[in-house]
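Hi there,

Here is the structure I promised to pass on. My notes on it follow below; please have a look and tell me how you read them.

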Amino acid sequence: MTTPHLSKSLLNNYRQCPRRLWLEMQDRAARKKGRTPVAQAVYSADTTKRFLDGHVIGRIAQACWPEGVDIEKASWITDEDTGHRQRDLNYATHLTYQWMQDQRRPLFEATFQHQNLLVKADLKVPRRHGHRVYWQMIEVKSSSSPKDYHITDLATQAWVAEQSGVDLDSVALLLVNKGFELHTAGDYTGLLGLHDDPDLQAQVRQAQQQMPATLRGAAQTLALRQEPRTHQPGDQCTSPFECPYIGHCTGKTSGQTTGKTAKQTTPQPVPIRFYNDRGGAKAQTLIDAGHTDLRQVPPATIARLWNGSTDTHGVNQRLAQAVRTGRVVMDRAGAQAALQTLTWPVQHLDFETISFVAPVWPGTQSGQHIPFQYSLHRQAQSGQVLGHAEFLDTTGQDPRRALAEQLVKDIDPRCTVLAWNDSFERTVIRDLAEQFAELRKPLMRIHDQVQDLLPIVRRHYFHPDMAQAEGSTFSIKTVLPCMAAHLQYSQLGTVQNGGEAQLAYLLAAAPPGAEKEPGQAITQAERQQARKDLLAYCGLDTEAMVEIVKSLK
Ligand code: SF4
């Protein structure tokens with residue numbers, strides 16, 4: 001049997017988890033043959049956004065070397081008989097060596113092969129030392145600081161290039177300069193910075209020593225006839241990125257809780273997990289002592305483990321009690337007393353924001369969270385909803401000014417503004433106040449009106465399902481189905497989390513004629529659906545807060 005071709009990204013899949021590589025290759029082979037794969041990759045919105053950011057930064061990097069040759073573009077060939085166009089990797093390799101003879105022009109997507117490993121280097125720049133020309137191998141990344149996986153990426157690229165005879169004098173990362181601010185639309189001078197310090201060279205050289213063993217391990221994995229299920233879900237599933245087979249390996253397709261009690265849903269031993277347990281140290285103490293089921297751990301043991309201030313407001317005592325009894329633990333009097341301190345009616349506020357690795361609107365920075373939408377529910381002390389206001393700008397223009405003006409009109413200056421985890425909403429409002437001097441006073445007043453609903457829940461409520469939630473214990477998406485089972489994020493359309501909201505915004509606000517896939521223009525119906533889904537999602541965020549307040553009363 002011939003070993004299939006491996007690419008840099010497939011090798012990275014293996015590094016993350018051999019099972020991921022095996023599933024990926026099965027998935028690809030099945031799709032080619034029109035069969036159903038063992039498991040289908042499902043990419044999260046965050047991963048898709050990261051791919052999009054990578055493409056944007058790749059295009060900007062190419063513009064920095066206008067004399068460069070794009071090997072990828074040049075290697076598409078048309079079949080004379082069928083007229084079908086496809087990329088020919090052998091031709092790409094041939095073109096790479098041909099252009100390297102020229103020794104003057106940088107190469108994008110230079111293609112190299114060694115053994116069964118084929119790589120495309122983001123950028124190769126010729127550098128003359130005396131009479132000889134060496135090359136600098138550059139990886140272009142949409143991050144602002146070097147990461148461990150950047151080192152292994154560079155090690156793979158450089159190893160294959162050198163094994164196939166290329167003289168490299170150094171490797172480098174081209175990264176985004178943190179805090180880059182756009183002054184003139186389309187001018188990205190200064191967005192990217194080259195990192196090629198001696199430390200990086202040494203780290204990459206060291207990582208290269210692992211290459212033969214990594215390739216051998218990957219080849220052994222590919223030779224397996226059965227899925228290597230010995231690799232069970234763990235920390236590797238989300239590091240450095242979320243694995244697209246996580247649904248397959250965990251047997252779950254969504255992180256939603258059910259709103260049912262632990263008694264009803266978890267006949268199996270309840271794994272020992274705590275809230276805010278850094279590195280799982282406290283849980284490990286119990287596991288080391290022989291505990292296997294959180295329900296069986298005596299309350300006194302939990303109390304001793306979490307004594308003193310380390311257990312924020314006794315959360316883990318409530319967590320353990322909820323799991324042990326299978327019932328909600330709630331201090332209703334305490335919650336009501338906390339709600340009494342608010343100025344009613346309250347206004348529940350939630351923003352949706354978009355961030356661009358390469359800012360598109362002058363006056364904005366790389367990675368800045370720019371609000372394009374909000375939802376605002378007004379609720380009386382009786383629990384009754386008094387009104388709902390919302391804002392959504394999908395014109396594609398900088399939405400901040402219109403949003404800030406509308407927000408100032410919609411917020412009643414006399415009442416508490418509630419947010420879930422308020423630091424985000426406060427930061428967004430403060431940024432708006434800094435941007436628009438004439439709105440600074442009312443915006444800072446709103447900023448000072450904001451209070452956080454989350455700590456009231458954290459101090460007074462725990463549902464058994466929250467202990468085993470896939471997402472964060474006190475995320476609104478975890479808490480809502482526990483308190484109001486009739487409202488579920490999973491019942492929404494294409495937008496069920498912040499990452500999907502960003503993608504929907506990009507779709508709805510794309511310029512006329514924009515394509516979602518090559519040759520496939522975004523239709524009006526798709527734009528309208530994206531708007532509708534955005535309104536439903538953001539509206540549910542504040543409706544959820546209304547329901548949570550009702551449940552606490
Ligand atoms: S979900 Fe986890 S265990 Fe499954 S393939 Fe991915 S990394 Fe491996």
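A residue is called buried here if 20 or more other C-beta atoms lie within 10 Å of its own. Please keep in mind that this is a predicted model.

With that cut-off, helix α21 (residues 498–508) comes out mostly covered, as eight of its eleven residues are buried. These are E500, A501, Q502, A504, Y505, L506, L507 and A508. Which elements cover them? They include α3 (45–64), the strands β11 (346–354), β12 (370–379) and β17 (515–517), and also α22.

Apart from neighbours within four places in sequence, Y505 is in contact with I354, F372, T394 and L534. Both Y505 and L534, along with V479 and I548, are among the residues with the most contacts inside the largest nonpolar core, which has 69 residues. Helix α22 (residues 524–552) provides the largest share of this core, eleven residues. At least three residues of the core come from each of domain 2 (258–313) and domain 3 (328–553). There is also a second, separate core of 53 residues, with L11, I57, L154 and L215 among them.

Now to the ligand, which may be the part you open first. Around the ligand there are 13 residues, of which C17, R20, C237, C243 and C249 come nearest. By type, the shell splits into eight nonpolar, three polar and two charged residues. Helices α2 (18–33) and α9 (246–250) each supply at least two residues of this shell, and α2 gives the most, with three.

Best wishes

Note on methods:
Residues numbered from 1 in each chain as written. Predicted model: local features only at pLDDT ≥ 70, side-chain atom pairs only at ≥ 80, totals over all residues. Near = placed C-beta within 6 Å. Helix = DSSP H or I, 4+ residues; strand = E, 2+ residues; numbered from the N terminus. Nonpolar A, V, L, I, M, F, W, Y, C, P; charged D, E, K, R; others polar. Core = buried A, V, L, I, M, F, W, Y, C linked by C-beta atoms within 7 Å. Buried ≥ 20, exposed ≤ 12 C-beta atoms within 10 Å, placed from the backbone. Domains from an automatic or database assignment. Contact = placed C-beta atoms within 7 Å.
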